[in-house]
Amino acid sequence: MKKSIVPARIIIALAFMLVHFTCLFAQEEELVFDRITVAHGLSHNNVYSIVQDDYGFLWIATQDGLNRYDGKSIEIFRNDVDNANSLSSSNFGKIHIGSNGYYWFGTFGGGINRFDPITNTFTNFSYSSSDSTSISNNQTLFIFEDSKNT
């Protein structure tokens with residue numbers, strides 16, 4: 001007696017159609033984007049990086065300041081020459097949120113700034129020719145985290 005393989009083909013076809021139609025329906029959600037500009041409080045319209053942290057804030061690196069956006073308002077962080085705990089520069093390019101909880105902000109000429117979201121403080125790291133343990137350059141092109149989370 002010969003077994004029919006038709007039922008197996010029908011089951012495979014039905015499974016394929018179910019997966020295919022599920023994927024189609026999942027794509028019906030419409031994405032909405034809002035434009036944030038200087039008119040909305042952004043420090044500059046030249047944006048180099050955007051990262052969202054675990055608290056829901058958008059960190060926006062611009063040519064003239066680091067912006068923290070909560071969905072309603074923007075807080076701008078800039079260099080303040082009279083405050084040693086302020087940012088080393090106002091011209092930002094790279095953002096990295098480390099696995100250790102620190103946020104790293106690379107600048108174009110001011111080194112790297114580390115932000116602690118628990119204490120809400122910045123620490124600056126910059127190149128010094130007299131310090132062999134300093135960073136190699138104040139121009140930050142990339143920020144990576146190694147396998148030791150450093």
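**Figure 1. Arg114 over the ring of Tyr102 in the predicted model.** In this predicted model, Arg114 lies over the face of Tyr102, at a distance of 4.3 Å from the ring centre. Tyr102 itself counts as partly exposed, because its relative accessibility is 26%, a value between the 20% limit for buried residues and the 50% limit for exposed ones.

Figure 2. A pair of aromatic rings is described by the distance of the centres and the angle of the planes. The structure holds 14 aromatic pairs, and among them is the pair of Trp59 and Phe105, which is tilted because the planes stand at 40°, with the ring centres 5.2 Å apart. This pair links distant parts of the chain, since Trp59 belongs to strand S2 and Phe105 to strand S6, 46 residues apart. Trp59 has a relative accessible area of 1% and is therefore buried, and Phe105, at 0% relative accessibility, likewise counts as buried. The rings of Tyr102 and Trp104, by contrast, have their planes at 75° and their centres 6.5 Å apart, so this pair is edge-to-face. Trp104 counts as partly exposed at 21% relative accessibility, as does Tyr102 at 26%.

Figure 3. The largest nonpolar core has 11 residues in all, namely Trp59, Ala61, Leu66, Phe77, Leu87, Phe92, Ile95, Tyr103, Phe105, Phe115 and Phe122. At least two residues of this core come from each of S2, strand S5 (92-97) and strand S6 (103-107). Ring pairs link Trp59, Phe77, Phe92, Tyr103, Phe105, Phe115 and Phe122 into a cluster. When residues up to four places away in sequence are not counted, Phe115 touches Trp59, Tyr103, Phe105 and Phe122, and also Arg68, Tyr102, Asn120 and Thr121. Over the chain as a whole, buried residues make up 26% of the 150 residues, and among contacts between residues at least 6 apart in sequence, 38% join residues at least 24 apart.

**Figure 4. The open sheet of strands S1 to S4.** The chain holds 1 helix and 8 strands, which follow the pattern α-β-β-β-β-β-β-β-β along the sequence. Four of these strands form an open sheet in the order S1-S2-S3-S4, with antiparallel pairing. Strand S1 (47-52) and strand S4 (74-77) stand at the edges with a single partner strand each, so one side of each is left without a neighbour in the sheet. Neighbouring strands of this sheet are turned by 20° against each other on average, with direction ignored. S1 and strand S2 (residues 58-62) run antiparallel and are joined by 5 bridges, and within this pairing Val51 stands opposite Trp59 in S2.

**Figure 5. The hairpin of strands S3 and S4.** Strand S3 (residues 65-69) pairs with S4 in the antiparallel sense over 4 bridges. Tyr69 has Ile74 in S4 as its bridge partner. There are 4 residues between the strands of this hairpin, in which Gly71 takes a positive phi near 100°.

**Figure 6. The open sheet of strands S5 to S8.** This open sheet of 4 strands has the order S5-S6-S7-S8, and its pairing is antiparallel. S5 and S8 are the edge strands, each of which pairs on one side only. S6 and S7 run antiparallel and are joined by 4 bridges, and Phe105 stands opposite Asn113 in S7.

**Figure 7. Asn120 in the loop between strands S7 and S8.** Asn120 is found in the loop that lies between strand S7 (112-116) and strand S8 (121-125). The phi of Asn120 is near 60°, a positive value in a residue other than glycine. With a relative accessible area of 44%, Asn120 is partly exposed, and Asn120 is also one of the residues that Phe115 touches.

How values were computed. Residues numbered from 1 in each chain as written. Predicted model: local features only at pLDDT ≥ 70, side-chain atom pairs only at ≥ 80, totals over all residues. Heavy atoms only, no water. Pairing = 2+ DSSP bridges. Axes fitted to C-alpha atoms, helices over the stretch in contact; angles between N-to-C directions. Core = buried A, V, L, I, M, F, W, Y, C linked by side-chain atoms within 4.5 Å. Buried < 20%, exposed > 50% of the residue type's maximum accessible area, 1.4 Å probe, protein only. Contact = heavy atoms within 4.5 Å. Phe/Tyr/Trp six-rings, centres within 6.5 Å; stacked < 30°, edge-to-face > 60°. Lys NZ or Arg CZ within 6 Å of the ring centre and 35° of its normal.
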